[in-house]
Structure formats: C-alpha cells, structure tokens
Amino acid sequence: MSEEPPRPRPASRGELNIQFGVLPEPTTLFARRADRFAARAEGNDLAPYLQFMADIARAQAALLPSLPPLTRVQTDLAARAAEHGMPPIDRAGLMDDPVLADTINRFLTEVAAISMPDQASAALHRIRTDPVLIRMYLANALEDAAAADAVAEHVLLSAALQLHAVRLAARLPADLLHPVGTGVCPSCGGAPVASVLVDRPGAHNARYCVCATCATQWNAVRVTCVLCGSTEGIAYHHIEGHDNGITAETCDACHGYVKLLSQAEHPELDPVADDVASLGLDLMLQDAGWRRGAVNPFLTGY
C-alpha cells in the first residue's frame with residue numbers, strides 16, 4: 001500500500017464560484033456505466049460479476065424510454081426543504097410511489113432475460129412472485145442496508161431504485177440544492193458511493209461526492225473527510241503500481257475511508273463501476289484496519 005501526503009487545499013467554492021449541486025443525466029448515465037463495467041471486466045478477477053453488472057446497467061438504460069412519466073418535485077416544496085435543511089426527495093415516501101412500483105416490476109421483467117449467477121436468478125424468482133418481499137427489500141435499499149442472506153435481492157432492488165431516483169433527481173431545480181449534512185446527498189439524503197475530481201469549466205479538479213442512489217453530485221472541500229467533516233489526519237492510499245486515478249481518502253478521526261476518483265485525469269472513470277472493480281483497494285485498507293464509509297449496493301458485504 002502506498003500512502004500520499006495530504007494534497008494542497010484548493011480555493012473555496014465561493015472563491016471559484018463552483019456550482020454546489022450537479023444533477024444526473026439519465027439518458028447517458030446508465031449506458032456509460034454499462035460500458036465502463038464491461039471495460040473493467042477485461043482481465044479482472046471479478047470479470048463474471050462485472051459483466052453481470054454491465055448487463056444490469058444495460059437493462060437500466062434500455063428501460064428509460066418506456067418508463068411512465070414522473071411527477072416533478074415542485075419548486076416551492078424544494079425551496080421549503082432547503083430552508084429546513086432537508087433534501088427535496090423524501091426517501092421514506094418512495095415506498096408508496098406507484099411509479100417506483102411500476103419501475104421495479106418492469107426492471108425485474110427486463111433483467112429476467114439476462115444471464116446471471118444462480119444466486120441472483122433464485123433471488124429474482126423469489127421477489128417476482130412475492131410482493132411482500134419486494135416491499136421488505138425495497139425498505140432496506142432505501143436505508144442503504146441489506147440482510148446478509150439477501151445480497152442478491154438487494155442488488156436487484158437497488159438497481160431498480162437507482163433507475164427511479166436518478167430520474168427524480170434529474171428533474172429537480174439544481175439552484176435550490178443546498179448542503180443538508182456531512183456526507184449526505186442534497187437531493188435524496190443518500191450516502192456517497194465515492195468522490196470525484198472533475199474537469200468542468202471553472203471547476204477543474206474540484207471535488208464532488210456522488211450519491212450512490214440518485215447520482216446527484218455535490219461539491220465537497222478537498223482534504224476534508226466526507227464522512228465526519230474532520231480536516232485532521234487525512235491521508236491518501238493507492239495500490240502501488242496501479243496509476244489508474246483511484247485512491248482512498250482515510251481519516252484518522254473516524255477511521256473511515258471513501259475512494260477518490262480523478263475524472264480530470266481519467267474521464268472514463270465511473271464512481272459505481274470503478275468502485276466495484278477496485279475491490280482490491282478495499283480489501284487492502286480493511287486488512288489495515290480502515291472502515292469503508294461509502295455505500296455501493298453492488299458491493300454489499302464489503
């Protein structure tokens with residue numbers, strides 16, 4: 001394991017006039033993610049699983065044009081949520097969202113045609129024939145939690161939830177997004193899957209956390225723990241010999257870590273796909289006693 005010293009702190013968001021919240025683009029997000037999963041499968045020890053996840057992302061992308069219309073979150077409701085330090089998307093309220101229920105059913109039908117591990121196939125059969133199970137595992141997915149004996153169910157329901165949440169977030173008024181807490185998505189209240197260094201006009205190498213559920217990005221100060229907010233004892237680690245733009249930011253205060261992906265240097269990186277594909281970095285850090293603080297429904301159990 002190679003450790004780097006903390007990177008110099010850049011100018012603040014106000015000094016650079018960096019946009020705080022960046023909404024997802026559903027029409028390109030899932031297709032690009034599918035391509036990235038497939039690319040990372042080549043020569044990877046996790047190749048079968050990464051290819052399965054590529055097929056899951058392709059199913060997400062294929063369903064987009066045919067999904068029912070959404071009810072946009074009203075601007076006044078988003079503004080009121082911002083005033084009270086709350087995200088405009090109510091995750092608890094999604095449990096009874098009929099469009100999400102329809103999306104789940106369509107997604108489960110779509111993925112039934114793809115090749116998948118036996119465990120996933122059995123899980124798919126169980127939840128397709130039992131609406132009670134769907135509701136139970138959806139509740140877990142909304143809380144970024146999964147039962148140890150239901151990992152496959154969690155993967156499938158989380159993928160369907162992502163599809164719905166990304167569409168919802170894409171329709172939010174971006175200018176009304178405000179910080180709602182350390183490591184908390186300003187759109188849906190979810191946890192980050194990773195943080196990325198972007199290459200955008202006026203925001204080169206600015207850091208954004210990426211929501212594991214709705215893919216909203218929100219600006220976060222660098223050399224600051226996105227889990228607890230500490231600025232002390234921050235360090236960066238990578239696997240020696242792997243110059244792939246992926247490091248892990250560790251924090252001595254909470255002893256957690258979240259991966260940091262440099263899209264400025266490696267624009268092909270995808271927070272979800274490359275997080276899964278770089279599992280070796282997780283195993284190395286966890287062997288050293290660090291706690292994974294990010295959430296990735298496709299890496300449940302690590």
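Analyst: Helix α2 (residues 26-41) packs against α3 at an angle of about 165 degrees, and their axes are 8 Å apart. Helices here are DSSP runs of H or I with at least four residues, strands are runs of E with at least two, and both are numbered from the N terminus. The model is predicted, so local features need pLDDT of at least 70 and side-chain atom pairs count only at pLDDT 80 or more, while totals for chains, interfaces and linings use all residues. Residues are numbered from 1 along each chain as its sequence is written, and side-chain values use heavy atoms, with hydrogens and water left out.

User: How are two packed helices described, and what is the orientation of α2 and α3 to each other?

Analyst: Two packed helices are described by the angle between their axes and the distance between the axes. The axes are lines fitted to C-alpha atoms, for helices over the stretch in contact, and the angles run from 0 to 180 degrees between N-to-C directions. Angles under 35 degrees count as roughly parallel, over 145 as roughly antiparallel, 65 to 115 as roughly perpendicular and the rest as oblique. Therefore α2 and α3 are roughly antiparallel to each other. By class, their contact has twelve nonpolar, two polar and three charged residues, where Ala, Val, Leu, Ile, Met, Phe, Trp, Tyr, Cys and Pro count as nonpolar, Asp, Glu, Lys and Arg as charged, and the others, Gly among them, as polar.

User: What is the angle at which the axes of α3 and α5 cross?

Analyst: The axes of helix α3 (residues 47-63) and helix α5 (residues 98-111) cross at roughly 125 degrees and come within 10 Å, and these two helices are therefore oblique to each other. On the α3 side the contact is made by Ile56, Ala59, Gln60, Ala62 and Leu63, and on the α5 side by Arg106, Phe107, Glu110 and Val111, contact meaning heavy atoms within 4.5 Å.

User: Is threonine 213 buried or exposed, and which residues does threonine 213 touch?

Analyst: Buried means under 20% relative accessible area, exposed over 50%, and partly exposed in between, with a 1.4 Å probe and protein chains only. Threonine 213 lies in the loop between β4 (207-211) and β5 (217-219), and it counts as buried because its relative accessibility is 9%. Leaving aside residues up to four places away in sequence, threonine 213 touches Arg91, Asp144, Leu161, Gln162, Ala165, Val166 and Cys188. With arginine 91 there is a polar contact between the two side chains, at 3.4 Å; such a contact is a pair of N or O atoms within 3.5 Å, and within protein one must be able to donate a hydrogen and the other to accept it, residues adjacent in sequence counting only if both atoms are side-chain atoms.

User: Which side chain does histidine 237 join in a polar contact?

Analyst: Histidine 237, found in strand β6 (residues 234-238), joins its side chain to that of threonine 250 in a polar contact of 2.9 Å. Its relative accessible area is 2%, so histidine 237 is buried.

User: What is the phi of aspartate 144?

Analyst: Most residues other than glycine have a negative phi. Aspartate 144 has a positive phi of about 55 degrees although it is not a glycine; this residue lies in the loop between α7 and α8 (151-170) and is partly exposed, with a relative accessible area of 29%. Valine 223 also has a positive phi, near 55 degrees, and lies in the loop between β5 and β6, where it counts as buried at 6% relative accessibility.
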